Amino acid sequence: MKQKIPLEKIRNIGIIAHIDAGKTTTTERMLYYTGRTYKIGEVDEGTATMDWMIQEQERGITITAACTTCIWNGFHINIIDTPGHVDFTVEVERSLKVLDGAVVIFCGVGGVEPQSETVWRQADRYNVPRIAFINKMDRTGSNFFQVAEQIHKKLGFTTAAAVQLPFGEEDNFQGIIDLIEKKLILYKDDLGKEFEAQDIPSDLAGKVEKYRNILLEKLAEADETLMDKFVHGQEITSVQIKEGIRRATIKNKFVPVLCGAAFRNKGIQLLLDAICEYLPSPEDLPPIKGIDPQTGNFEEITTSDEAPFCALCFKIATDPYVGKINYVRVYSGRLHSGKYVYNASRRVEERVSKLVRMHANRQEIIDGISTGDIAAVAGLKETKTGDTLCDKDNPILIEAIRFPEPVIQQAIESKGKQDQEKLSLALHKLTEEDPSFRVTYNQETGQTIISGMGQLHLEVAIDRILREFNVEAEVGAAQVAYRETITRKVISTGKFIQQSGGHGQYGHVVVEMEPQEIPSEGIAFEDKIKSGAIPRQFIPAVKQGIMNAARSGVLAGYPVTGIKVNLVDGSSHDVDSSELSFQMAASIAFNDGLKKARSVILEPIMDMEIVVPEEYMGQVIGDLSSRRAKVVSLSTRANVRTIRVYVPLAELSNYATILRSLTQGRASYTMEPSYYAEVPSHIAEKIVGNFISLVGPNRR
């Protein structure tokens with residue numbers, strides 16, 4: 001095994017941003033300057049190392065989070081390049097769960113865009129320290145100071161401050177001003193490999209002093225050590241500034257703002273320096289907490305090779321040669337190939353056949369992994385995304401990753417019987433890889449339904465089924481993934497009693513059902529029985545019965561969500577009660593409760609931003625009004641107007657084509673799921689009517 005890299009020299013970072021902000025382009029430059037690749041890969045040419053999937057190369061977008069490793073000035077940097085398209089936001093979610101820091105990239109022209117806000121909130125949720133990198137400073141319309149101001153206003157991070165300024169604008173962007181060292185960095189060749197530090201030109205001295213003082217002021221707000229020096233007017237050296245930035249960034253109280261133009265090979269080496277100087281190592285962060293599965297108590301996981309092994313599986317991929325590989329982040333201890341590891345989530349022991357370090361889709365076989373590593377494990381048969389792997393004698397559970405609910409669905413079926421098994425296998429592999437991709441079987445219509453986060457998500461999945469898995473299949477038109485919920489609190493009783501000689505079946509439950517505050521938060525179950533009316537061993541069966549019943553509502557067969565279910569009473573029989581009888585009783589109680597509690601249909605509402613030239617704004621807003629859209633804000637960006645709306649997904653069929661025709665192809669839009677809302681009654685009647693005509697009035 002190679003010499004262990006000191007923990008303080010490890011950086012586990014993610015590259016996150018809105019679509020087309022330049023994440024993959026930036027990552028490609030990092031790999032080139034660190035010597036990981038000998039040639040710069042380009043997204044537009046389909047030669048990017050990190051965009052290795054055929055679908056990524058054809059579409060020029062990142063679809064799956066790709067891992068790689070590089071070395072910079074003695075630091076070992078594990079990088080995860082994530083997608084920017086909202087349909088693949090699950091890749092960002094699970095990456096941030098296991099990362100120690102992040103580089104958030106903003107387009108110098110577009111600024112803080114909708115998906116920028118989404119990934120920033122995701123980083124907030126996992127308390128991930130970050131650096132902001134304002135890219136594309138060479139583009140027409142780029143404005144570093146405007147984007148920095150948007151970080152303050154739109155993202156609410158008022159202590160973010162520039163540590164660099166651009167030298168030159170748009171086509172004349174030539175280099176970077178370092179505010180800490182008060183130096184001008186000028187690039188001498190097109191590849192960006194050669195650059196030199198010069199003194200600040202005299203005509204820029206005042207500007208540099210102004211923004212350096214702003215940096216010190218913001219930093220003093222975030223760091224007590226520097227606050228004392230700042231208040232008393234003491235000199236603060238560049239070393240002290242960097243130390244202060246590191247302390248405040250690790251505590252998530254400060255975000256250093258850098259700039260550059262990745263496509264023009266400017267600013268990447270300085271970004272690499274900042275990653276090493278400001279973002280945390282695994283030992284800089286507080287120990288993560290886990291739960292002892294035997295006692296239910298919280299325990300801290302010690303960040304050390306000497307501690308018991310603990311790792312989280314955050315991603316699964318299917319390799320054509322090795323089969324299934326599990327990506328893991330190691331939080332403590334060591335693991336060697338050929339050894340056994342305990343899956344505390346599923347309570348099974350599995351053998352590790354091979355350990356590999358991933359470079360996009362290429363593998364480097366390694367002997368072992370240790371604290372701080374991000375690597376892949378081959379040979380695990382039962383382990384799923386979100387499972388905790390640990391030492392059998394020291395079991396512990398890390399909080400699993402939460403995944404968003406799908407908003408769109410399509411029916412899929414194989415063309416012939418010979419393809420049925422292949423289709424089933426392909427769907428199984430895709431659901432293992434992507435937890436936001438769901439497969440269900442509609443008993444009423446006999447259809448296999450695939451669900452995802454958007455049209456592009458399903459298009460890519462179907463393309464992989466046809467090409468990668470070589471399945472002959474037919475798909476139906478995309479449909480909105482509606483949900484059902486209740487509007488009032490009810491008490492419901494379910495009894496399942498059968499007697500046919502010998503042992504019978506007896507299950508009796510009483511449940512209290514009430515709406516949750518957030519309709520899209522699934523089903524919450526709580527056992528509130530105190531008298532022991534139902535034996536403890538049957539409580540999991542009651543919960544399972546409710547979850548099974550929630551898969552199909554009473555109005556139009558859509559999954560049920562947003563309900564709190566409390567088990568309040570029931571009874572059992574010494575001989576006839578069983579898990580099956582209580583599952584059935586719970587299902588009966590749940591369905592009866594849905595009918596009593598005035599069920600309604602919910603639809604996904606999208607948060608959409610349209611960028612449109614001024615002269616077409618009236619037509620676009622008029623069209624949006626006809627689609628039940630609610631305008632949230634209107635703003636001006638460079639020479640165009642930005643419209644932000646909440647609009648039902650059901651109203652956006654073929655919207656890309658319609659928007660192009662309304663604006664002569666000059667407008668663009670982005671959108672992401674925001675929340676679920678009740679469908680207007682006249683539309684709900686049509687949805688229910690279509691369901692009845694499809695399955696018959698007696699099948700409801």
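Reply: A residue is called buried when its relative accessible area is under 20%, and exposed when that area is over 50%. The model discussed here is a predicted one.

Me: Is D138 buried or exposed?
Reply: D138 sits in the loop between β5 (130-135) and α5 (144-153). Its relative accessible area is 13%. The cut-off for burial is under 20%, so D138 counts as buried.

Me: Which residue has a side chain joined to that of D138 by a polar contact?
Reply: Leaving aside residues up to four places away in sequence, D138 touches E170, D171, F173, A261 and R264. A polar contact of 3.1 Å links the side chain of D138 to that of R264.

Me: How far apart in space are D138 and N172, C-alpha to C-alpha?
Reply: In sequence, D138 and N172 are separated by 34 residues. In space, their C-alpha to C-alpha distance is 7.1 Å.

Me: What is the relative accessible area of K266?
Reply: K266 belongs to the loop between β11 (256-259) and α9. Not counting residues up to four places away in sequence, K266 touches F173, Q174, I176, Y187, G260 and A261. K266 is buried, and its relative accessible area is 16%.

Me: Which strands stand at the edges of the sheet?
Reply: The sheet is open and has seven strands, in the order β2-β3-β1-β4-β5-β11-β6, with mixed pairing. Each edge strand has a single partner strand, so one side of it is left without a neighbour in the sheet. The strands in that position are β2 (66-72) and β6 (161-162).

Me: How many bridges join β4 to β5?
Reply: Strand β4 covers residues 101-107 and runs parallel to β5. The number of bridges joining β4 to β5 is six.

Me: Which residue of β4 is the bridge partner of I16?
Reply: Strand β1 (residues 10-17) runs parallel to β4, and five bridges join the two. In β4, the partner of I16 is V104.

Me: Which residues of β4 point the other way from G101, V103, I105 and C107?
Reply: In a regular strand, side chains alternate between the two faces of the sheet. Seven of the seven residues of β4 are buried, so the strand is largely enclosed by the rest of the structure. G101, V103, I105 and C107 point one way, while the residues pointing the other way are A102, V104 and F106.

Me: Why is α8 described as roughly perpendicular to α9?
Reply: Helix α8 (residues 238-250) packs against helix α9 (residues 268-278) with the axes 9 Å apart and at an angle of about 70 degrees. Angles of 65 to 115 degrees count as roughly perpendicular. The arrangement of α8 and α9 is therefore roughly perpendicular.

Me: How many charged residues are in the contact of α8 with α9?
Reply: On α8, the contact is made by K242, I245, R246, T249 and I250, and on α9 by C276, E277 and Y278. By class there are four nonpolar residues and one polar residue, and the number of charged residues is three.

Me: What is the phi of N265?
Reply: Most residues other than glycine have a negative phi. N265 lies in the loop between β11 and α9, and is buried with a relative accessible area of 7%. Its phi is positive, near 65 degrees.

Notes:
Residues numbered from 1 in each chain as written. Predicted model: local features only at pLDDT ≥ 70, side-chain atom pairs only at ≥ 80, totals over all residues. Heavy atoms only, no water. Axes fitted to C-alpha atoms, helices over the stretch in contact; angles between N-to-C directions. Helix = DSSP H or I, 4+ residues; strand = E, 2+ residues; numbered from the N terminus. Parallel < 35°, antiparallel > 145°, perpendicular 65-115°, else oblique. Contact = heavy atoms within 4.5 Å. Nonpolar A, V, L, I, M, F, W, Y, C, P; charged D, E, K, R; others polar. Buried < 20%, exposed > 50% of the residue type's maximum accessible area, 1.4 Å probe, protein only. Polar contact = N/O pair within 3.5 Å; in protein donor to acceptor, adjacent residues only side chain to side chain. Pairing = 2+ DSSP bridges.
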